[in-house]
Amino acid sequence: MELSPNNQIEDRKPILTADGLVQTSNSPFEPTISQETQTSNGIGTQCQLTVDQLDIEILPIIYDVVRCVEKDPLENAVKLRESQDCNHKIFELQKRFESAREQIRQLPGIDYNKDEQLQRLELLRNQLKLKQQLIRKYKDTEF
């Protein structure tokens, strides 16, 4: 555990590179995993999100908006109330979209383009092969 330049605790673990060397500093392709990240309102702690942890439920709200727009009341008082309800549901949908955007921005690796992701994937595959070879080597070694 070390402190980053912005005084957050970082977990820097040794990494086995593709050429078999151990690297302790973070590479440009290795995101820093900080234990404390700010939420959208700037308060609180939160670990990095995974795709399974995302809370993006927008389909029911879209259904409510469509259902609200389809209604065609005849009385003016009912039209005004339905219009306000519809505006409220649309505002709620906008808040859900903004919440989804914030959650997606917190996903690790989202800031990499496709080429960087493919390069990172190839690096991880090479590391996996090296580790598998080391495991086989140590299993075959007799003490």
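## A buried glutamate

Glutamate 82 is buried, because its relative accessible area is 15%, under the 20% cut-off for that class. The model shown here is predicted. Glutamate 82 forms a salt bridge with lysine 71, and the closest N and O atoms are 3.8 Å apart. Glutamate 82 lies in helix α2 and lysine 71 in the loop between α1 and α2, so the pair ties together parts that are 11 residues apart in sequence.

Is lysine 71 buried or partly exposed? Lysine 71 is partly exposed, with a relative accessible area of 47%. Opposite charges matter for such a pair. Side chains of opposite charge can pair when their charged atoms come close.

## The chain as a whole

The protein chain has 3 helices and 4 strands. What pattern do they follow along the sequence? The pattern is β-β-β-β-α-α-α.

The protein chain has 143 residues, and buried residues make up 16% of them. The accessible surface of the chain comes to about 11,600 Å². Carbon and sulfur atoms account for 53% of that surface. Now take the contacts between residues at least 6 apart in sequence. Of these contacts, 53% join residues at least 24 apart.

## Helix α2

Helix α2 covers residues 76-105. At 1.5 Å a residue, its 30 residues should span 44 Å.

Which residues of α2 are buried? They are Glu82, Cys86, Leu93, Ala100 and Gln103. Helix α1 is included in what covers these buried residues.

Serine 83 is found in α2. Its relative accessibility is 36%, so serine 83 counts as partly exposed. Serine 83 and lysine 71 are 12 residues apart in sequence. In space, their C-alpha atoms are 9.8 Å apart.

Arginine 101 is also found in α2. At 43% relative accessibility, arginine 101 counts as partly exposed. The C-alpha atoms of arginine 101 and isoleucine 56 are separated by 9.4 Å. Along the chain, these two residues are 45 residues apart.

## Salt bridges inside helices

How many salt bridges does a search of the whole structure find? It finds 4. One of them joins the side chains of arginine 67 and aspartate 64, at 3.8 Å from N to O. Arginine 67 and aspartate 64 are 3 residues apart in helix α1, so about one helical turn separates them. Arginine 67 is partly exposed, with a relative accessible area of 39%. Aspartate 64 is partly exposed too, with a relative accessible area of 25%.

Another salt bridge joins arginine 105 and glutamate 102. Their closest N and O atoms are 2.6 Å apart. Both residues lie in helix α2, 3 residues apart, which is about one turn of the helix. Glutamate 102 counts as partly exposed, at 25% relative accessibility.

## A nonpolar patch on the surface

Which residues form the nonpolar patch on the surface? They are Leu59, Ile62, Val66 and Phe97. Together they have about 340 Å² of accessible area. Helix α1, residues 59-70, gives the most to the patch, with 3 residues.

Phenylalanine 97 has its place in helix α2. At 33% relative accessibility, phenylalanine 97 counts as partly exposed.

## The region listed by UniProt

UniProt lists residues 114-141 as "coiled-coil region", in an unreviewed entry. What does the model show for this span? The span is 96% helix and 0% strand. The end C-alpha atoms of residues 114-141 lie 41 Å apart.

Methods: Residues numbered from 1 in each chain as written. Predicted model: local features only at pLDDT ≥ 70, side-chain atom pairs only at ≥ 80, totals over all residues. Heavy atoms only, no water. UniProt positions renumbered as here; feature names shortened; annotations may be inferred. Helix = DSSP H or I, 4+ residues; strand = E, 2+ residues; numbered from the N terminus. Patch = residues over 30% accessible without salt bridge, like charges linked within 9 Å, V, L, I, M, F, W, Y side chains within 5 Å. Areas by Shrake-Rupley, 256 points an atom, 1.4 Å probe, with all protein chains shown as cover. Buried < 20%, exposed > 50% of the residue type's maximum accessible area, 1.4 Å probe, protein only. Contact = heavy atoms within 4.5 Å. Expected span 1.5 Å × (residues − 1).
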